[in-house]
Structure formats: structure tokens, C-alpha cells
Amino acid sequence: MKTDLTKSIPAFYVGQSIFLTGPTGFLGKVFIEKILRSCPDVREIFLLMRPKRGLTINERLHKILNLPLFEKLREERPSNFEKLIPVSGNVSEKGLGLSAADRQMLIERVTIIIHAAASVRFNNSLKYAIFANARSTRDICILAQSMKNLVALVHISTAFTHLSEPLVEEKVYPPVTDWRKMIEMVELLDEYTLDIFTAKCLDYAPNTYIFSKNLAENIIQDYSSSLPCAIVRPSIVMPSLEEPVPGWIDNVYGPIGLFIGGGKGIIRVACVNKNVNQNAVPVDIVIKAIIIVSWKLGLTTLTEDSTTFVLNCVNQKVLTYQDGIKMLFSITKKEVPLEGIIWTLHTILTDNFILFYILTILLHIMPAILIDLVLKLSGRRPKLVQLQRRLYVANRAVSYFSFHEWKYSNANSLALISSIPPDNLDMFSINYSYVDLRAYCKNSAIGGKTFLLHEDMNRLAAVRAHSERVYLFVKVLKTIISIGVLWIIYKWIYFNIL
């Protein structure tokens, strides 16, 4: 009896051949784990990878598969790792850097494309951002047009591509500029000349990442008349909610780096509007949304009037930056302390850039200079000033998103949730409105401590003892400074008045 594919997501993926870009990224790795475990009869997954740091693509894949992320899959379905096929390529190169043989193999066998690769650095040059994020999307679409058995092309965008819209609807907006001319321009002009154009481009976006992702959406839209296309727009992607383990994270970026810096007592001030609501979504929710969108797209008949399906994959639980930081600090102080803290945990939040700059000099740079001097005199490598510079750049990069707040329509998201077959709800539900935020934050803190910092949860007693010593030292130091200041004031009054 033939299986009704509308009533089973895993059944739809039976025999499907997936082409995944960005498999070494945060989203890519979690996608690989989820699809191999929950849709075990997928035929194969082609992974677009490039050699890096002296490692071949096969060595990089072997290293990735040894991560704790894949322990559950290794226990349940170890043979499924054989379905992973690395393909040499690079999204920043024209034609994705594919060889003719690999290109032909993909054309003949691929049925689903997940385009998750992107350069997410906010300070990339315009040339690199366009190549990695926009031109690669065009080249994916050109490749897809040659695939006779393609049923779905899902492009991973970002919820922040249309910052001028107070309400971001689930549709593709008009482009900020012509993507064809922009690609042609960056291919022809040198970096120096492009620097002049960058300032003009950034009239429409706060950085080259957002600008290039905006163009990529319009590329997908322009090809959607001949290709089964969808766009998934996640907001800030955070640690996993449940799968494959709660709190999985392996990427230090923006908010994660700032949390770790605050949890170590390194960050004392942050440029943030404390009353703005954070817009973040767990990584496993994003991955399940991608899988479901591909399923829906694969069951939809493509017509000349077909348009791009757009999904805003955003938060369902609201928390301000101030409340989020308070909650994380409370958890870090009492339940999940980080090793080697250098000061008490307290971060001043300000949306005044002048005050932020002054406090950065006083509370970050000056102490870092003194500590680096001590390290240098003791024969150790000074590193705190350099770290504070990186944290400053990271804070400035993400501050724009904490100064503004956007609302998102979610009609497609609600429709998608209601379309999930009842038998698949446990495995693929993207509804997390029920979640206890404090429990999620605690799991995220444990994940950051375990998977990012590689700290042992069995050493909590020793870590708490160190933290208590630091707190005592800070209290004594503040007391001495206060007494010293009062003594100076007293002496000045005594000699000048009496």
C-alpha cells in the first residue's frame, strides 16, 4: 500500500537526495543530525565543503561527526553516517567552486536543496559579502534549474533583512537595488573603489551582511517562477531547546560571546537598550521548520503563478534584554558558575553611546591594560586588551538590533504548525510557546559551559569556591577604596576649612 506523504514527514524524505550548503556551520550541523535521526530513510546528503586549516573535506567531516552533537545519532542509527557525501566547493567562488563531475552528479541525483551557507560577519567587505551571500544564491538557483527531479529549494535568510519595516510580513519585499548589477559591479571593481560604494549601500542596511541577505531574497523570488522555492527567516539563533540535547551550542557569536564575557566578569558595560525585547529562536526549532517547509514545498505543484513561500521563524516568548541578562546572571551566580571569573558579575546597560565609550575606557580598557602588564611582568602572554577590543567590536555590531524592535506576521508559521501530521508532532513540532524561559536559559548556560568552554560540570564546588574568593576580594578592595576616598575628603576638609 502506498504511503500518503501528506500524513508523514519521514515518509516524504524516503529516497530523497539533499544538497546542503553550510554543513560546517551551526545550523548545518544540527540539520544533519536531525534529518539523519528523524528521517532515517533519506537516500543521501551531499555536503558542500572546502578544505580548511590543512584539513581535507573528509577530515573536516570526520572531525565534525565526532562532536557530542552526534552521540544520540551514533547510538540510534550509526549506519546513517554513511549517507553523508562531502563535495568540494566554496560558496564565495563563482559557480560554487564545483568541479564539472561533481556538478553533474548533483544535477542527476539531488531532489532537495537547503541553502544554509552564509558569511554572517557584519564587518565583511562588500565584495566578500556579495560573493558569499548573494552570488552564491544566484549560482544555487542556476544549478537548481538543471535538476529535473528537484522538489524543493529552501533558502535560509534572516528575520532582519527588512529593517525599515516595523511589521515584517511573510513575503518578499522590493529589492533595495538590482542584484544583477550589484554582482556584476563587485566582480569588476577593486576593493578600494568598492569601499566608496559600501557607504552608499549601507544607507539601506546597518552592515554588509544584512545588505547582501536582502539581495539574496530577491534572487530567490526572481527564480521562483521556475523553481519550487521557499525562504525561512530565523531571528537570532540560540542554543537548542531539546534536540538532540538541551542547550547545544558550538558557535561563539554576538550575544553568546557577550554572555560569556559577562559571565566571566570581563564585560562590565554593554551598549544595549535594556527595554527592547530580544528576538531569538532555538536552533532545533529552526531546523524543524526547515524540514517541514521542504516537506510542504515538495507536496505542492509548481505553476507559473507560484510565488516564494516565506516563513518568519521568530520568537514566541518575549523577554527584554534587561530581564534576560538578569536571569542569566542569576543562573550563573547560583547554579551554573563559569570557571576563572575575574570580577563580580554585573553589567551596566546603556543606550547612550558617549557614556558607553567612557565606561568602556574606565571599566574595560584601563583594567585590561593593568592586568596585561601584570601578565607580561610574570612572563605570561598579555591578552586582555585584545579580547576587550574584540568584545567592543562585537557589542557595537549587535547594539543596532537591541536599539530597535520589529513585529512579525506569523500566519504561515501558524498554518505550518496546524499542517504537521498528528503522528509527527512529537518529532517535528515548532510550537514552543509552552517553554519555561528560566529552564531554557539554565540549559543554555550549561550548554555554553560544557560545549563551548569545555568546562566540567563536576567541578562546580571548586568553581563556587573560586567565585566566593573573587567576591570577597572585590568587597575588600571596594571597602579600602571607599575608606581611602573618605580619608582624602576628610583631610581636604580639615586642611582647607578648619
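## A pair within helix α2

Arg37 and Glu33 are both located in helix α2 (residues 26-38), where 4 residues, about one turn of the helix, separate them. In this predicted model, the two residues form a salt bridge whose closest N and O atoms are 2.6 Å apart. Arg37 and Glu33 are both buried.

## A pair between helix α5 and strand β2

A second salt bridge joins the side chains of Arg109 and Glu44, with an N to O distance of 2.7 Å. Because Arg109 belongs to helix α5 (residues 100-109) and Glu44 to strand β2 (residues 44-49), the pair ties together parts that are 65 residues apart in sequence.

The accessibilities of these partners place them in separate classes. Arg109 has 27% relative accessibility and so counts as partly exposed, whereas Glu44, at 5%, counts as buried.

## A pair between two loops

Lys264 and Glu455 form a salt bridge in which the closest N and O atoms are 2.9 Å apart. This pair links distant parts of the chain, 191 residues apart: Lys264 is in the loop between α10 (254-263) and β9 (269-271), and Glu455 is in the loop between α17 (437-452) and α18 (460-496).

Lys264 counts as buried because its relative accessibility of 15% falls under the 20% limit. Glu455 is also buried, with a relative accessible area of 8%.

Over the whole structure, the search finds 17 salt bridges.

Note on methods: Residues numbered from 1 in each chain as written. Predicted model: local features only at pLDDT ≥ 70, side-chain atom pairs only at ≥ 80, totals over all residues. Heavy atoms only, no water. Salt bridge = Lys/Arg side-chain N within 4 Å of Asp/Glu carboxyl O. Buried < 20%, exposed > 50% of the residue type's maximum accessible area, 1.4 Å probe, protein only.
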